[in-house]
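Keep the sequence and the 3D view side by side.

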Amino acid sequence: MMNRMETDVKSRPVMFVSLGPAEMELITLKGYRHLMQADVILCPATMTGNGKASSRAADILRGLDAWSDKIELFPVPMSKDRSAALPVYDRMCEAATAYHRAKRRVAVVAEGDAGFYSSIHYVYEKLHDAGIPVLCIPGVPAFIACGAVAGLHIVRQDERLMVIPGNTTADELAGLLEAGVTVVVMKPSLCADELRRFIVGHPDHHYHYFENVGTEAEYYTHCRDELPDRAFPYFSLMIIRKTR
Ligand code: SAH
């Protein structure tokens, strides 16, 4: 019987490497090893308003100069409409397939964990369905890194956790917190007004708010009064706990 490492080498799957939220050192040793061994690293980027491609994943990789020559960026248009991004992910699939068939070692990267609110999973599924071997290397999701920044015990003992990707209301939050559920709000810009309404109406809960954790622009506050005025950029997140 082959062990996992030998299987990897034999079938040379396209590796989906989770990079962690921003800090180079939060890549796992396994992810790091596969990035080092990769011939090519396919990396999603975001098309910004000025027509440039910006990529948190590429920023993380750039911490390692030696790899810059093997990174291929795939700029994804910024849109709430997912269909605009699909042709780019399709091109990523085509590139990964071509490299795989040419016996090159391919890594596809994603910030945070590649299986947690990560649109790159579309590429994983499409390759898998087409019979291309794929393997995912787990990583540190942003909310876990945020909890560490604040020194939080995010959930303890019999507590429950709800992770919400920005689609919530003040009423829903009130019900969850009342039931003692700890809530992680990702993409808070998608529910900014509801979130502000909830915060103002429930001053007693513990609010932990984070921006760009692990970067030079990192910002953390647990001061409720600062929150209604924050703009909630894309890389921000809130953890709300009931006061006990
Ligand atoms: N796969 C990622 C999540 C991607 S969804 C993961 O495992 O964490 C993008 C959301 O993640 C952002 O809107 C934000 O809520 C959160 N996020 C990602 N990186 C972050 C960071 N460095 N600081 C704060 N929030 C972050």
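## A walk through the chain

Start at Lys103, in the loop that links helix 4 to strand 5 (106-110). The model is a predicted one. Lys103 is not a glycine, yet its phi is positive, at about 65 degrees. Most residues other than glycine have a negative phi. Is Lys103 buried or exposed? Its relative accessibility is 64%, so Lys103 counts as exposed.

Now step back to the whole chain. Its secondary structure comes to 8 helices and 11 strands. Along the principal axes, the C-alpha atoms fill a box of roughly 60 × 45 × 35 Å. Of the 244 residues, 44% count as buried.

Next comes helix packing. Two packed helices are described by the angle between their axes and the distance between the axes. Return to helix 4, which spans residues 86-101, and look at helix 5, residues 121-129. Their axes lie 9 Å apart, and the packing angle is about 50 degrees. Helix 4 is therefore oblique to helix 5. Helix 4 passes helix 5 in a right-handed crossing.

Which residues make the contact? Helix 4 contributes Leu86, Tyr89, Asp90, Met92, Cys93, Ala96 and Thr97. Helix 5 contributes Tyr122, Val123, Lys126 and Leu127. By class, the contact of helix 4 with helix 5 has 8 nonpolar residues, 1 polar and 2 charged.

A second pair sits further along the sequence. Helix 7 covers residues 170-178, and helix 8 covers residues 192-201. Their axes come within 8 Å and cross at roughly 50 degrees. Helix 7 and helix 8 are therefore oblique to each other. Helix 7 passes helix 8 in a right-handed crossing. On the helix 7 side, the contact is made by Ala170, Leu173, Ala174 and Leu177. On the helix 8 side, it is made by Glu194, Leu195, Arg197 and Phe198. The residues of this contact divide into 6 nonpolar, no polar and 2 charged.

Now go back to the loops. Tyr117 is in the loop between strand 5 and helix 5. Tyr117 is not a glycine, but it has a positive phi of about 45 degrees. How accessible is Tyr117? Its relative accessible area is 43%, so Tyr117 is partly exposed. What does Tyr117 touch, leaving out residues up to four places away in sequence? The partners are Val163, Pro165 and Met186. Look also at Leu237. Tyr117 and Leu237 are 120 residues apart in sequence, but 13 Å apart in space, C-alpha to C-alpha.

Pro138 belongs to the loop between strand 6 (134-137) and helix 6 (142-149). Its relative accessibility is 53%, so Pro138 counts as exposed. Beyond its neighbours within four places in sequence, Pro138 is in contact with Ser18, Thr28 and Asp113.

Finish at Ser68. Where does Ser68 lie? It is in the loop between helix 3 (56-62) and strand 4 (71-77). Ser68 has a relative accessibility of 44%, so it counts as partly exposed. Exposed would require over 50%. Ser68 and Val40 are 28 residues apart along the chain, and their C-alpha atoms are separated by 9.9 Å.

Definitions and conventions: Residues are numbered from 1 along each chain as its sequence is written. This is a predicted model: local features need pLDDT of at least 70, side-chain atom pairs count only at pLDDT 80 or more; totals for chains, interfaces and linings use all residues. Side-chain values use heavy atoms; hydrogens and water are left out. Axes are lines fitted to C-alpha atoms, for helices over the stretch in contact, and angles run from 0 to 180 degrees between N-to-C directions. Helices (H or I, at least four residues) and strands (E, at least two) are DSSP runs, numbered from the N terminus. Angles under 35 degrees count as roughly parallel, over 145 as roughly antiparallel, 65 to 115 as roughly perpendicular and the rest as oblique. A crossing is left-handed if the near helix is turned anticlockwise from the far one by less than a right angle, and right-handed if clockwise. Contact means heavy atoms within 4.5 Å. Ala, Val, Leu, Ile, Met, Phe, Trp, Tyr, Cys and Pro count as nonpolar, Asp, Glu, Lys and Arg as charged, and the others, Gly among them, as polar. Buried means under 20% relative accessible area, exposed over 50%, partly exposed in between (1.4 Å probe, protein chains only).
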